[in-house]
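Dear colleague,

I am passing on the structure below, and after it I have set down what was found in it. Please read the notes with the model open beside them.

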Amino acid sequence: MSLEGKVALVTGAARRVGRTIALAFAAKGVRVAVHYRTAASEARRVADAVKSLSGADAEVFRADLADPRSPEKLADAVARRFGRIDILVNSASIYEKTPFALATPDDWDRHMALNARAPFFLAQACAPWLRRSGEGIVINVADWAGRRPYADYAPYCASKAALLCVNAALAKALAPEIRVNAVLPGPVLPPERMSEAEKRKISEATLLKRLGTPEAVARACLYLAHAADYTTGAELTVDGGRSIA
Ligand SMILES: NC(=O)c1ccc[n+]([C@@H]2O[C@H](COP(=O)([O-])OP(=O)(O)OC[C@H]3O[C@@H](n4cnc5c(N)ncnc54)[C@H](OP(=O)(O)O)[C@@H]3O)[C@@H](O)[C@H]2O)c1
């Protein structure tokens, strides 16, 4: 299937991994709805880069996806602007350290709202457009740690485990017209605050003994969107073997 001329909504696309996914789709001629929450100027730069990469159209859309009213508004705005939605990539996320003794109900609610609930309701809001596409695709960017949690990040890891369940539930609910798959990155782009010693430690904990790249995650998304035409409900790890080390 050719991706040329399709429309992808990529959440959290202004920076880091989401940005790389957006640009990878753009390089295939995909028109991109660049979602952001706070990074307005970065989002605008991504939209400009999409246009100069392939001449494909792009627009920026602001939404706080922790707000339960946002998914529907965002999907409507994207559909109004482009007239179609073919691909939804749920990449926006929060990742906050919440040590066991300090974690609060608010930490849980914030992680679950953005990382698990918003992808579900975005898929619900985009579903009529994805069906109309004839080859609709949802990609949920989860985390290997949704399978094997980090001790100090229980709300984050639980929200990514919930996202894996959402991934399977959506695959069932949206079949046969729409394929739904998850990518489970390992350490591909550590938080900017992480020390070199910590980076070495997490590299050593992978089978491949190195950090991955956002481009590896983007290639996995392209594979699921473009080549994996008999795959739905799948979970594709891009973690250097971290989850089985
Ligand atoms: N980086 C890694 O090594 C790694 C490893 C495993 C899994 N992952 C997963 O891969 C995806 C991308 O990772 P990343 O490190 O690039 O993510 P990130 O930098 O932590 O966050 C991505 C974006 O989420 C957006 N966001 C935060 N709160 C939001 C809200 N309330 N509403 C809407 N958007 C919000 C932010 O947009 P603004 O900047 O515009 O505010 C941010 O740029 C995430 O799902 C992450 O869990 C990443």
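Helix 1 (residues 16–27) contributes the most to the shell around the ligand, with three residues; helices (H or I, at least four residues) and strands (E, at least two) are DSSP runs, numbered from the N terminus. This is a predicted model, in which local features need pLDDT of at least 70 and side-chain atom pairs count only at pLDDT 80 or more, whereas totals for chains, interfaces and linings use all residues. Residues are numbered from 1 along each chain as its sequence is written.

There are 26 residues around the ligand, and Gly12, Arg16, Val17, Thr38 and Ser93 come nearest; a residue is near a molecule if its C-beta atom, placed from the backbone, lies within 6 Å of it. By class, this shell has 16 nonpolar, five polar and five charged residues, where Ala, Val, Leu, Ile, Met, Phe, Trp, Tyr, Cys and Pro count as nonpolar, Asp, Glu, Lys and Arg as charged, and the others, Gly among them, as polar.

Arg16, which is found in helix 1, also has a positive phi of about 50 degrees although it is not a glycine. With 17 C-beta neighbours inside 10 Å, Arg16 counts as partly exposed, given that a residue is buried if 20 or more other C-beta atoms lie within 10 Å of its own, exposed if 12 or fewer, and partly exposed in between, with C-beta atoms placed from the backbone. Lys209, in the loop between helix 6 (196–204) and helix 7 (214–227), likewise has a positive phi, near 60 degrees, and Lys209 counts as exposed, with 12 C-beta neighbours inside 10 Å. A cis peptide bond, with omega about 0 degrees, joins Ala175 and Pro176, and Pro176 is found in the loop between helix 5 and strand 6. Most residues other than glycine have a negative phi, and most peptide bonds are trans.

As for the fold, the protein chain has seven helices and seven strands, which from the N terminus on run β-α-β-α-β-α-β-α-β-α-β-α-α-β. Its radius of gyration is 17 Å, close to the 18 Å that the globule rule gives for 245 residues, so the chain is as compact as a globular protein of that length; the radius is taken over C-alpha atoms, and the rule is 2.2 Å times the number of residues to the power 0.38. Of the 245 residues, 45% count as buried.

Leaving aside its neighbours within four places in sequence, Cys221 is in contact with Ile21, Ala24, Val89, Ile139 and Val183, two residues being in contact if their C-beta atoms, placed from the backbone, lie within 7 Å.

Val50, in helix 2 (residues 40–54), is buried, with 26 other C-beta atoms within 10 Å. Beyond its neighbours within four places in sequence, Val50 is in contact with Ala22, Leu23, Ala26, Val32, Ala56 and Ala58.

With regards
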